[in-house]
Amino acid sequence: MSKEHMAGFVTDQRHRAAHGLKPLGVHYKVLRRKRGPVAVTQAQVAGIFSSARHVLRTAMDAGETERIGLDRRFVVALPPGGNPGGRRRRPLSDQAARALADEVNLSCLDAGRR
């Protein structure tokens, strides 16, 4: 597998989502719930990219991709899934922000660095 193979996969997934095409693989859950394959969405593509990237990066860090002969360029060519909804991540809660800014906690953190 080469970097070009991954680029082809990414292009195909994005094309399917952009044009409302059906997925190549169909999950049993989808068939049971919807009575047939449904069009690929941007959110599904983001999930596929994020999940596959996690699996591949974990395998690469563990040396498994090298062991099976999978090129590093193939693994790193998979983009992160991102946030398809365009929504920002929620900020910290007020309680968490106060705890992070608390002088006692900052002192403990600073003491741990020494």
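Me: Which residue follows α3, and what is its phi like?
Reply: α3 is followed by G63, whose phi is positive, near 85 degrees; helices here are DSSP runs (H or I, at least four residues), numbered from the N terminus. This is a predicted model, in which local features need pLDDT of at least 70, side-chain atom pairs count only at pLDDT 80 or more, and totals for chains, interfaces and linings use all residues. Residues are numbered from 1 along each chain as its sequence is written, and side-chain values use heavy atoms, with hydrogens and water left out.

Me: OK, which residues in α3 are buried?
Reply: V45, A46, F49, L56 and M60 are buried in α3, where buried means under 20% relative accessible area, exposed over 50% and partly exposed in between (1.4 Å probe, protein chains only). Seen down the axis of α3, these residues fall within an arc of 115 degrees, so they line one face of the helix, the arc being that of the directions from the helix axis to the C-beta atoms.

Me: And what's exposed on the other side of α3?
Reply: H54 and V55 are exposed there.

Me: Switching topic, how many salt bridges does the structure hold?
Reply: The structure holds 3, a salt bridge being a side-chain nitrogen of Lys or Arg within 4 Å of a carboxyl oxygen of Asp or Glu. One of them joins the side chains of R16 and D12 (2.9 Å, N to O), which are 4 residues apart in helix α1, about one helical turn.

Me: Is R16 buried or exposed?
Reply: R16 is buried, with a relative accessible area of 14%, whereas D12 is partly exposed at 24%.

Technical notes:
Helices (H or I, at least four residues) and strands (E, at least two) are DSSP runs, numbered from the N terminus.
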